[in-house]
Amino acid sequence: MTVLVGLAAGVAGALLALLLHGVQHLAYGYHEGSFLAGVEGAPPGRRVAVMAVAGVVAGVGWWALYRYGRPLVSIAAAVRSPDVRMPPLTTLCHALLQIVTVGLGSPLGREVAPREVASVLAGELTRRTGLSPRQCGVLTACAAGAGLAAVYDVPLGGAVFTLEVLLGSWALGAVLPAVATAVIATVVSWAVLPDEAVYRLPQLDIGTPLLVWSVLIGPVVGVCAYWFARLAADARERAPRGRLLLVAAPAAFLVGGLLAVPYPQLLGNGKAPAEVAFEAQPAIGLAAVLLALRVALVLLCLRAGARGGLLTPSLANGALLGVVAGGAWVLLWPGDSPAAYAVVGAGAFLAAAQRMPLTAVILILEFTAAPRDLVVPVLLAVAGAVTTRRLCER
């Protein structure tokens, strides 16, 4: 069953990734290159029109899902109580809506969709076997981590996500299937997805200034991540589920389309601004503007009723915050590469916002193929950010 769950998660992740890329290429009229390049090459009017369509799809789609579908069951609930079944058709429609809207330009993350579909498949595969409820719950969690591993090519990150976030256990009976399913799913996804890091880093210079900055910036990132997570949770709770969705979602996405006329980097799940932070090394002013607008747009779309993950948006926020704070620090103490500050900020923000310090460290290193010298500053910043968020919660 572990092998079957890994295969199912890999196939699901690969197909959803292909659907995402297909929607992006069709919507913005490009055939090769990154999503950011495609959006920048599209006329401003097309950006607005595509986002307007995305708002209609989001509003009508989620209104119909809440109106006619069965109540959604979260992955965490299915892991805790394997007898609680995730409704297959409703969950699949929920995942497809996330993928399509992100492909059209939604600022929310796409990582929840493959996790949900993989977990549904695992539940259906294990439901009629002789496995114990505990084993079924473990495999449901492993499927979610494997789905994450498949779409982002992060086998170790997917396994650690399963153990740290979903199971909260490092017992051998959890570690072995978590690692096995994540590796199998990643290998399966290589049939259609590239085996490469999500982001490319320039040559990095890392020294004492970055280490000192990592200690100082951790608490600052922790406070920012706490408020971002709190505001996002509040926006989700207050989001409409009735007919107001039909108006709120199109209006929110239209605002995003208008903002994308001067700032095309805002569109998508956050990969574009993270690419800018890691690779283009933007000016402090541009990074600050993108950070403020990204946070506002994510909260606006959540409040309007759109659904999606916050993993990549959190990573993008941290990368942009790292560029802003790191750029100011370099003026005082030069010597390190701006991209190194972006990587450290991204890891710390992701860890604190999503409450997953170990997973965040692994993910940021796998996402960027960062050199080993960055491990220590990332760990220092993550420790400070996570500790500060816990103090804020108290």
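Predicted model: local features only at pLDDT ≥ 70, side-chain atom pairs only at ≥ 80, totals over all residues.
1. The patch covers about 700 Å² and is built from Leu-211, Val-212, Val-215, Leu-216, Leu-332, Trp-333, Val-376 and Leu-380. Two elements give two or more residues each: α10 (208–238) and α17 (375–393).

2. Val-212 sits in helix α10. Is Val-212 buried, exposed or something in between? With a relative accessible area of 31%, Val-212 is partly exposed, and it can count towards the patch because the cut-off is over 30%.

3. Now the largest pocket, at about 990 Å³. It has 36 lining residues, and Ser-74, Val-112, Arg-115, Arg-236 and Gln-354 are the closest to its centre. Elements with two or more residues in this lining include α4 (75–80), α6 (112–126), α15 (338–354) and α17. Helix α10 turns up here too, with six residues, the largest share of the lining. By class, I'd note 17 nonpolar, eight polar and eleven charged residues.

4. The second largest pocket comes to about 750 Å³. Of the 36 residues lining it, His-21, Arg-110, Pro-194, Val-198 and Lys-271 lie nearest the centre. Which helix gives the most to this lining? That's α1, with five residues. Among the other elements supplying at least two are α2 (35–41), α7 (133–152), α12 (271–280) and α14. The class count for this second lining is 19 nonpolar, nine polar and eight charged.

Note on methods. Residues numbered from 1 in each chain as written. Heavy atoms only, no water. Patch = residues over 30% accessible without salt bridge, like charges linked within 9 Å, V, L, I, M, F, W, Y side chains within 5 Å. Areas by Shrake-Rupley, 256 points an atom, 1.4 Å probe, with all protein chains shown as cover. Salt bridge = Lys/Arg side-chain N within 4 Å of Asp/Glu carboxyl O. Helix = DSSP H or I, 4+ residues; strand = E, 2+ residues; numbered from the N terminus. Buried < 20%, exposed > 50% of the residue type's maximum accessible area, 1.4 Å probe, protein only. 1 Å grid on protein atoms, 1.4 Å probe; cavity = no way out; pocket = protein on both sides within 12 Å on 5 of 7 lines; lining within 4 Å. Points joined across faces, edges and corners; volume = space filled by probe spheres on them. Nonpolar A, V, L, I, M, F, W, Y, C, P; charged D, E, K, R; others polar.
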